[in-house]
Amino acid sequence: MSNGFSRGQADRTLFIKKVEGELVVAQVYVDDIIFRSTKDDLAHSFSSMMQIEFEMRMIEELNYFLGLQIHQSDSSIFHLLI
């Protein structure tokens with residue numbers, strides 16, 4: 001994988017990059033990419049890299065994904081069954 005990402009073993013659409021003990025995790029599903037990082041700088045770098053490589057736009061906070069309602073707070077992210 002380019003740019004230091006490795007592919008998940010159980011889920012081949014999950015990509016993980018470790019940088020000095022920090023993580024960037026990206027999930028690709030059809031034409032959606034959901035990503036998160038333990039460090040804001042890494043998330044911004046990932047976003048910039050993807051926007052250079054592909055035509056894309058940022059939607060901001062995730063509310064729904066694959067029929068799951070997503071709730072985010074400062075301390076956690078969890079899904080609600082609908």
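## The sheet

Four strands form an open sheet in the order β1-β2-β3-β4, with antiparallel pairing; two strands pair if DSSP finds at least two bridges between them. At the edges are β1 (6-7) and β4, each of which pairs on one side only. This is a predicted model, in which local features need pLDDT of at least 70 and side-chain atom pairs count only at pLDDT 80 or more, while totals for chains, interfaces and linings use all residues. Residues are numbered from 1 along each chain as its sequence is written, and side-chain values use heavy atoms, with hydrogens and water left out.

Let's walk across the sheet. Strands β1 and β2 pair in the antiparallel sense over 2 bridges, and here Ser6 stands opposite Ile16 in β2. Next, β2 (residues 14-19) and β3 (residues 22-29) pair in the antiparallel sense over 6 bridges, with Lys18 opposite Leu23 in β3. Strands β3 and β4 also pair in the antiparallel sense, over 6 bridges, and Val25 has Arg36 in β4 as its bridge partner.

## Two hairpins

The hairpin of β2 and β3 has 2 residues between the strands, and Glu20 takes a positive phi near 50 degrees there. In the hairpin of β3 and β4, again with 2 residues between the strands, Val30 takes a positive phi near 50 degrees.

## The helix and the whole chain

Read along the sequence, the pattern is β-β-β-β-α-β-β-β, so helices and strands deserve a definition: helices (H or I, at least four residues) and strands (E, at least two) are DSSP runs, numbered from the N terminus. In total the chain has 1 helix and 7 strands. Helix α1 lies across β2, β3 and β4, and runs at about 155 degrees to β4. Such axes are lines fitted to C-alpha atoms, for helices over the stretch in contact, and the angles run from 0 to 180 degrees between N-to-C directions.

Of the 82 residues of the chain, 17% count as buried (under 20% relative accessible area, with exposed over 50% and partly exposed in between; 1.4 Å probe, protein chains only). Contact means heavy atoms within 4.5 Å. Among contacts between residues at least 6 apart in sequence, 9% join residues at least 24 apart.

## The nonpolar core

The largest nonpolar core has 9 residues: Phe5, Phe15, Val24, Ala26, Phe35, Leu42, Ala43, Phe46 and Met50. A core of this kind is a set of buried Ala, Val, Leu, Ile, Met, Phe, Trp, Tyr and Cys residues joined through side-chain atoms within 4.5 Å. Strand β3 and helix α1 each supply at least two residues of this core, and α1 gives the most, with 4 residues.

Leaving aside neighbours within four places in sequence, Ala26 is in contact with Thr13, Leu14, Phe15, Ile33, Ile34, Phe35 and Phe46.

## Aromatic pairs

Rings of Phe, Tyr and Trp (its six-membered ring) pair if their centres lie within 6.5 Å; planes under 30 degrees apart count as stacked, over 60 as edge-to-face and the rest as tilted. By this rule there are 2 aromatic pairs. The ring centres of Phe35 and Phe46 are 4.7 Å apart and the planes stand at 55 degrees, so this pair is tilted. Because Phe35 lies in strand β4 (residues 32-37) and Phe46 in helix α1 (residues 40-53), the pair ties together parts that are 11 residues apart in sequence.

Both Phe35 and Phe46 are buried. Ring pairs also bring in Phe5, linking Phe5, Phe35 and Phe46 into a cluster.
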